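The sequence and the three-dimensional view follow.

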2 protein chains.
Amino acid sequence: MTVPTGRRERKKAVTRQKIADAALRLFLERGYDAVGIRDVAAEADVAVTTLFSHFASKEALVFEQGEDFEQRLTRAVTDRAPHEPLIPALRREIQALVRHCAADSAAPVWRMIDASPALRDYEESMRRRHAESLATAIAADPGLSRTPTACRAIARFVIDAYSLARAAADPKATVDEIFQMIEAAWEVTCPSAHSTGRAGS
Amino acid sequence: MTVPTGRRERKKAVTRQKIADAALRLFLERGYDAVGIRDVAAEADVAVTTLFSHFASKEALVFEQGEDFEQRLTRAVTDRAPHEPLIPALRREIQALVRHCAADSAAPVWRMIDASPALRDYEESMRRRHAESLATAIAADPGLSRTPTACRAIARFVIDAYSLARAAADPKATVDEIFQMIEAAWEVTCPSAHSTGRAGS
DNA sequence: GACCGTAACACTAACGGTTAGTGTTTTGTA
DNA sequence: TACAAAACACTAACCGTTAGTGTTACGGTC
């Protein structure tokens, strides 16, 4: 039983945060590649092995924090209004996510990520996992009965939109442009014949 | 001056092939993760540094061989018949590439790749570079004047189709299904008028 | 044919991320 | 209070990769 109440949990969270803070501070100060794991561990005053018991990799020190990404996308699907069409809901969420990166107080972090190939690769492979979750969420919605392949494809396209928009000069316009394409791609997968209208349930 | 005729070039190519062969043999025998760089170097009877002067990384030992991928895609764009539409040409090429992986004598290699996260990640980040080349090729075609964003998006979608199809139970059908979506997405970017669904910004 | 610049190759040693192995302390619960 | 589990620490290593330093073999030139 035992609701994992917990002092231990709290201490663990504190240690984790201490590590994450130290890492981010050093990374922003000296640059991601110029800071070693041993530096971070020393700065956070923990052992290297302790660091790795909290974070799976060096890259995770950057990403595995308040990243709602996956949840926010799947919830944009599952929690949308009863008859709201899928694609606009996703577009709105992607817009919000992109805005959050571009104009945020956390902009230096994203500049750092863009500056390091290791971090960019890590992010992309993360996003691929997110795409799979998103595909599952879409496939699970009884209102839109599409093939698994169509769901997976659309999920990838949405992630592509995010990825391209984040690198673009005008992120907002980029999202809009790509989502027009996604909308068209989605409608053509509609099971009930095809025309402009969508079938809903 | 001097077509780089060459005994030296030949010897270099031989060494490179010797390394690649040794690597592939060991990888297939014991599994990619169970074989170290030092093992490969020893098997090929070269020094570790020599190995790395021929291949940029361990993963490159698997991929950096007869991989036409990038060229084949860009050529499918640039070398297609004068008035042949873009998307069907790309679809044909992707079909060929997927078939080549799935039913080939080289199937064990692809099974090995799918079994190793490191290799999968490497492949994906490779494909992303390929997508950029493809986008450039599409953007350079004077026959289809689309925005850079539309070109980049379509290029990504095409790569997604390849990626999803390779993992699917029925690759051919998967390519066909996703390319119907891509076709729709591409047509909606046509510069020659048509009512836009909404106003954008 | 001797000569020189260059590129391939080798060897040692190391660096940086990551993990195994082995305790030691803390903490929740019996 | 005692015990099991989990966090934490430390050493030492593994593995991919690179720097530094030579040595050798080739190709083009005089």
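In this predicted model, a phosphate oxygen of DNA strand D lies 2.4 Å from an N or O atom in the side chain of His54(A).

| Residue | Part of the residue | Distance to a phosphate oxygen of DNA strand D |
|---|---|---|
| His54(A) | side-chain N or O atom | 2.4 Å |
| Lys12(A) | side-chain N or O atom | 2.6 Å |
| Ala47(A) | polar backbone atom | 3.0 Å |

Two or more residues of the surface near DNA strand D come from each of helix H1 (7-30) and helix H3 (48-54) of chain A, and from each of helix H1 (7-30), helix H2 (37-44) and helix H3 (48-54) of chain B. Of the atoms of DNA strand D within 4 Å of the protein, 57% belong to sugar and phosphate.

Helix H5 (residues 69-78) of chain B has Phe69(B), Leu73(B), Thr74(B), Ala76(B) and Val77(B) as its buried residues. Viewed down the axis of H5(B), these residues fall within an arc of 150° and therefore line one face of the helix. Their cover includes helix H6 (86-102), helix H8 (117-140) and helix H9 (148-167) of chain B.

The structure contains 0 disulfides over all chains. Cys190(A) is in no disulfide, and the nearest cysteine sulfur, that of Cys151(A), is 12 Å away. Cys190(A) counts as buried because its relative accessibility is 11%.

How values were computed. Residues numbered from 1 in each chain as written. Chains lettered and ligands numbered in written order. Predicted model: local features only at pLDDT ≥ 70, side-chain atom pairs only at ≥ 80, totals over all residues. Heavy atoms only, no water. Disulfide = S-S within 2.5 Å. Buried < 20%, exposed > 50% of the residue type's maximum accessible area, 1.4 Å probe, protein only. Helix = DSSP H or I, 4+ residues; strand = E, 2+ residues; numbered from the N terminus. Arc of directions from axis to C-beta. Contact = heavy atoms within 4.5 Å. Near = heavy atom within 4 Å. Polar contact = N/O pair within 3.5 Å; in protein donor to acceptor, adjacent residues only side chain to side chain.
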